[in-house]
Structures are given as C-alpha cells and as structure tokens.
Amino acid sequence: MTQVAISGLGSYVPEKILTNFDLEKLVDTSNEWIIERTGILERRIASSLESSSSMGSLAAKDALETAKLVPEEIDLIITATCSPDGMFPSTANRIQALINAPNAVCFDINSACNGFLSSLMVGSTLIKSEHYKNALIIGSETLSRLIDWTDRNTCILFGDGAGAVVLEPTSEENYGLTDFLFGSDGNNADLLYATGPATGESDLQKEAKIIMDGQSVYRHAVSTMTSITKDLLIKTNTSISDIDLCIPHQANSRIINAVAKNLSLENDKVYTNVDQFGNTSAASIPIALTQAFYDKMLEKGNNLLFTAFGAGLNWGSVLLNWGTIKNPKEQ
Ligand code: UT7
C-alpha cells in the first residue's frame with residue numbers, strides 16, 4: 001500500500017499585528033480578560049491588498065521549495081478555506097494562477113477550522129488510490145473580513161494567515177499518514193456560522209459576519225476532539241505515550257489544555273502558538289506545523305497527532321509518522 005507523507009511545508013502571516021490593547025479601543029474588553037479566557041495576545045490582519053489566495057500562494061511557494069518541486073509538477077491543489085476570495089471560482093484556482101501550476105486540478109474544501117485536516121484526508125486518499133501523484137494542500141483564511149468588529153464575543157478570537165504542505169508518496173516504509181477519523185453534526189450548524197460571503201468588494205460583504213454561541217462551541221470542541229482522538233488511538237492500536245507531538249487546531253488555549261488533560265497528554269507534547277496568531281481556522285495547523293518544523297521540534301520517526309474542530313460542526317484527528325524534510329534555510 002502506498003504511504004503518503006508530507007514532503008514540503010510553508011506558511012505566511014500578514015505583517016499587521018492587532019494586539020489585545022488595540023481591541024480594547026474597539027470593544028468593551030481587556031487584555032487580561034482575553035489572555036485569561038483564550039490565551040491570545042495578538043493576531044495578524046490582512047492588508048486590503050491581501051486575500052486568502054495571495055497569502056495561500058506565498059505559503060504554497062515555500063512548501064514547494066522545501067519539497068524541491070517546481071509548480072508545473074503539481075497534480076492537485078486543494079485549498080481549505082471558509083473565507084475564500086469570492087463565492088467562485090475556488091481559491092485553489094486563484095492560487096494555481098498565482099504560482100503558475102498549470103497541470104494541477106483545483107478545488108476548495110470548506111470544513112471551517114477542520115478544513116486542513118479534511119483536505120489531508122482527501123489529498124492523501126487520492127494519492128493512495130494513484131489518481132494523483134502529489135498534492136498541494138493549503139489552509140488559508142482572511143477571517144478579518146467576516147468579523148463583526150462590534151461583537152466582543154468573536155472579534156477577539158480570529159486572525160488571518162496561511163499554511164501549506166505538499167503530499168507525496170514516500171518510499172520510506174512506515175512513514176507518512178497513518179490513519180484518520182472524522183465526524184460531523186449538521187444539527188448544530190447554528191452554533192457557529194457566517195452570514196454573507198466574504199467577497200472583498202461586494203456589497204454583500206457588509207452583511208458578512210461570524211455568529212457564535214461561544215460556550216456551546218467550547219463544550220463541543222473539547223468533547224469531540226477528545227473522543228475522536230481516543231477512537232483513532234484505539235483504531236490504530238496507538239498508546240497516548242506513543243505520541244511525540246500533538247499539533248491541535250489553535251482556537252483557545254483553554255480548549256487545547258482541556259483536550260490534552262482529557263487525553264492524559266503532557267503539556268510539553270502539545271504545540272501552541274494561539275498567543276501569536278489567534279484562531280486562523282483552516283490555516284492554524286499548517287502554520288503551527290511549519291513553526292514547529294523551523295523550531296526543530298520535528299524529528300524523523302516522530303508520531304504526530306493533529307486534531308481539529310470547527311463550524312459545521314466538523315471535527316477530526318489525523319496520525320502521521322514524520323519523515324525527512326530538509327530545511328532549505330540550512331543548505
Ligand atoms: O474553532 C472553533 C471556533 N470557536 C471557538 O473555538 C470558540 C469557543 N469558545 C470560546 O473560546 C469561549 O467560549 C469564549 C472565549 C468565546 C468566551 O469565553 P467564556 O469563558 O466561555 O466566556 P462567556 O461567554 O461565558 O462569558 C463570560 C463573561 C460574560 O459576562 P457575564 O454575563 O458573566 O457578565 C460575557 O459577556 O464574559 C463576558 N465577555 C467578555 N468580557 C470581556 C464575553 N466576551 C468578552 C470579552 N471581553 N471579549
């Protein structure tokens with residue numbers, strides 16, 4: 001059976017930083033409250049010239065560079081986003097044009113904050129089935145365009161950015177994606193949703209905003225990420241002590257800590273950067289993975305656990321045995 005591994009990775013975040021102190025000037029909140037309830041210190045905000053495709057293309061270029069592939073070699077581009085450039089065409093098609101990858105088949109996946117993991121599932125399965133020889137998987141979000149900047153329940157949480165990975169078959173036995181499990185619950189879709197499309201210039205954008213029942217979402221996030229991970233560990237006959245590093249969706253440090261506690265996972269095995277970027281939805285895991293890579297936290301043979309939860313409701317966990325990627329900055 002073909003094994004599929006991550007052979008390249010990259011990320012991009014906009015330059016503009018929005019701190020908790022900046023938010024104090026917009027809504028009735030405080031730096032202390034935000035840190036205590038979310039762990040977030042600051043988040044990045046896209047400029048008016050940036051979009052999910054422009055940020056995604058920059059992350060994609062870095063991912064291709066680490067994979068040592070040229071864009072023409074890419075077979076498939078899947079972009080995970082719930083804040084696309086427009087209703088159509090797909091943001092993946094926009095990225096295809098920006099990076100000049102004419103031979104790729106392109107589409108988006110909208111599974112909100114779970115989108116990057118859903119895209120890993122789809123991309124790896126299509127490679128395993130030998131329909132495609134490689135895939136560029138991009139999580140990219142411009143959530144700032146969907147935020148109601150008068151709603152203190154939501155505007156403190158989200159940020160913009162992009163992360164990307166390249167998937168390829170690996171000849172290294174036992175490396176690559178081990179297995180995954182996902183769940184969905186459309187009956188609870190109204191707990192977290194966005195009105196209006198995130199179309200930069202459209203009049204409809206004025207109506208676009210995120211509506212969330214924070215406490216319910218919090219409870220579902222903790223319980224679903226815990227249970228899906230436990231089920232995946234049982235399915236793959238993996239013990240929690242076999243996990244070297246967990247890279248969870250970065251929504252809220254309290255959610256991350258509660259899931260780690262439920263799984264009996266030590267804190268030093270859980271990667272967090274929510275303090276720097278807030279919740280970047282589908283971009284959060286590939287941004288964190290790229291940061292963990294450049295922080296030299298990933299070693300060959302490491303068992304990585306990704307787990308995510310988002311609007312839909314959708315959630316999932318992926319197990320992956322890390323192979324070899326050379327740091328291009330060290331060559
Ligand atoms: O990727 C999935 C996407 N979403 C999430 O993961 C979000 C999940 N939910 C959460 O992270 C948390 O529910 C929040 C961070 C959104 C809120 O934290 P909480 O501890 O659940 O607060 P709460 O909603 O229970 O509100 C507690 C109090 C309320 O005041 P009263 O009624 O006790 O007087 C809120 O009005 O805090 C108030 N509050 C705020 N105060 C200052 C709510 N937002 C703020 C704020 N600043 N930004």
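Modeller: What follows begins with the domains, moves to the pockets and the helices beside them, and ends with some details of the backbone.

This is a predicted model, in which local features need pLDDT of at least 70 and side-chain atom pairs count only at pLDDT 80 or more, while totals for chains, interfaces and linings use all residues. Residues are numbered from 1 along each chain as its sequence is written, and side-chain values use heavy atoms, with hydrogens and water left out.

The chain is divided into domain 1 (3-170) and domain 2 (176-323), with bounds that come from an automatic or database domain assignment. Taken over C-alpha atoms, the centres of domain 1 and domain 2 are separated by 14 Å. In contact with each other are 60 residues of domain 1 and 51 residues of domain 2, where contact means heavy atoms within 4.5 Å.

The largest pocket has a volume of about 540 Å³. A pocket here is found on a 1 Å grid over the protein atoms alone, as an open set of points with protein on both sides within 12 Å along at least five of seven lines, and its lining residues have an atom within 4 Å of a point. Grid points are joined across faces, edges and corners, and a volume is the space filled by probe spheres set on the points. Of the 27 residues that line the largest pocket, M212, G214, Q215, Y218 and N252 are the closest to its centre. The elements that give two or more residues to this lining are α2 (31-38), α6, α7 and β12 (303-310), and α6 gives the most, with 7 residues. Such elements are DSSP runs numbered from the N terminus, helices being H or I with at least four residues and strands being E with at least two. The lining of the largest pocket divides into 15 nonpolar, 8 polar and 4 charged residues; in this scheme Ala, Val, Leu, Ile, Met, Phe, Trp, Tyr, Cys and Pro count as nonpolar, Asp, Glu, Lys and Arg as charged, and the others, Gly among them, as polar. Because domain 1 and domain 2 both give residues to the lining of the largest pocket, it lies between them.

The second largest pocket holds about 440 Å³ of space. Of the 23 residues that line the second largest pocket, C82, P84, N110, L146 and A194 are the closest to its centre. Two or more residues of this lining come from each of β5 (105-109) and β9 (192-195), and the largest share, 3 residues, is that of β9. By class, the lining of the second largest pocket has 16 nonpolar, 6 polar and 1 charged residues. The second largest pocket also has lining residues from both domain 1 and domain 2, so it lies between them.

Returning to two of the helices, the axes of α6 (residues 214-235) and α7 (residues 253-262) come within 9 Å and cross at roughly 35°; axes are lines fitted to C-alpha atoms, for helices over the stretch in contact, and angles run from 0 to 180 degrees between N-to-C directions. In α6, Y218, A221, V222, M225, T226 and K230 meet R254, I255, A258, V259 and N262 in α7. By class, this contact of α6 with α7 has 7 nonpolar, 2 polar and 2 charged residues.

The structure holds 1 cavity of 30 Å³ or more, and the largest cavity has a volume of about 50 Å³. Among the residues that line the largest cavity are M225, C246, V259 and T307. The largest share of this lining, 3 residues, comes from α7, and the lining divides into 9 nonpolar, 1 polar and no charged residues.

Finally, the backbone has some details to look for. A cis peptide bond joins F88 and P89, with omega of about 0°, and P89 is found in the loop between β4 (76-80) and α4 (91-99). Another cis peptide bond runs from G312 to L313, with omega near -10°, and L313 lies in the loop between β12 and β13 (314-321).

Notes. 1 Å grid on protein atoms, 1.4 Å probe; cavity = no way out; pocket = protein on both sides within 12 Å on 5 of 7 lines; lining within 4 Å.
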